[in-house]
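Q: Could we go through this structure together? I am new to it and would like to begin with its charged pairs.

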Amino acid sequence: MQLSKQVLIDISEDASNSTGVQTDGLLLSGIVFPAAMTGSNVTFDFAFDGSTWVDVVETDGTEVTYTVSAGNVTRVDPSGWAFATAGFVRVTSDGTEAADREIQLIFKQS
């Protein structure tokens, strides 16, 4: 059984959505942003099938949002991701990226 994994995802130049990544039964627990990002905040999308995406929202209906901290590891509270252990997740920048951006997602076992 896999206890953790790290995955590089890409937001292409002139795009705002990243590629999707399968969670493999793990919880998203951290994000490492590149040194340069056009957007200053990111939100998340979830899909059971990897193609039908829905926004990830808080219990009050607002989107789960994290501030980009270039070059740092941003801690993600995994308790809010318990539903997402069987599916796909992607990151959406609040700005169209000026160049290809690689973002590292860190997953761990619940």
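**Charged pairs, rings and buried positions**

A: Both E97 and R101 are buried, where buried means under 20% relative accessible area, exposed means over 50%, and partly exposed lies in between (1.4 Å probe, protein chains only). This is a predicted model, in which local features need pLDDT of at least 70 and side-chain atom pairs count only at pLDDT 80 or more, while totals for chains, interfaces and linings use all residues. Residues are numbered from 1 along each chain as its sequence is written, and side-chain values use heavy atoms, with hydrogens and water left out.

Q: What do E97 and R101 form with each other?
A: E97 and R101 form a salt bridge, with the closest N and O atoms 2.9 Å apart. The term requires a side-chain nitrogen of Lys or Arg within 4 Å of a carboxyl oxygen of Asp or Glu.

Q: How many salt bridges does a search of the whole structure find?
A: The search finds three salt bridges. One of them joins K5 to D24, where the closest N and O atoms are 2.6 Å apart. This pair links distant parts of the chain, 19 residues apart: K5 is in strand β1 (residues 4–11), and D24 is in the loop between β2 (21–22) and β3. Strands here are DSSP runs (E, at least two residues), numbered from the N terminus.

Q: Is D24 buried, partly exposed or exposed?
A: D24 counts as partly exposed because its relative accessibility is 42%. K5, by contrast, has 12% relative accessibility and therefore counts as buried.

Q: Which ring does K5 lie over?
A: K5 lies over the face of F107, at 5.3 Å from the ring centre. For this, NZ of Lys or CZ of Arg must be within 6 Å of the ring centre and within 35 degrees of the ring normal.

Q: And what is the partner of D45?
A: D45 forms a salt bridge with R90, and their closest N and O atoms are 2.9 Å apart. D45 in strand β4 and R90 in strand β8 (residues 88–93) are 45 residues apart, so described as distant parts of the chain. D45 and R90 are both buried.

Q: Changing topic, how many aromatic pairs are there?
A: The count comes to two aromatic pairs. Rings of Phe, Tyr and Trp (its six-membered ring) pair if their centres lie within 6.5 Å; planes under 30 degrees apart count as stacked, over 60 as edge-to-face and the rest as tilted. The F44 and Y66 rings are edge-to-face because their planes stand at 80°, with the centres 5.8 Å apart.

Q: Where do F44 and Y66 lie?
A: F44 lies in strand β4 and Y66 in strand β6 (residues 65–67), so the pair ties together parts that are 22 residues apart in sequence. Both F44 and Y66 are buried.

Q: What about F46 and F48?
A: F46 and F48 form an edge-to-face pair, 4.9 Å centre to centre with 85° between the planes. F46 is buried, with a relative accessible area of 4%, whereas F48 counts as exposed at 65%.

Q: Where does L105 lie?
A: L105 lies in strand β9 (residues 101–108). L105 is buried, its relative accessible area being 0%. Its contacts (heavy atoms within 4.5 Å), not counting residues up to four places away in sequence, include K5, V7 and V91. L105 and V7 are 98 residues apart in sequence, yet 5.3 Å apart in space, C-alpha to C-alpha.

Key. Helix = DSSP H or I, 4+ residues; strand = E, 2+ residues; numbered from the N terminus.
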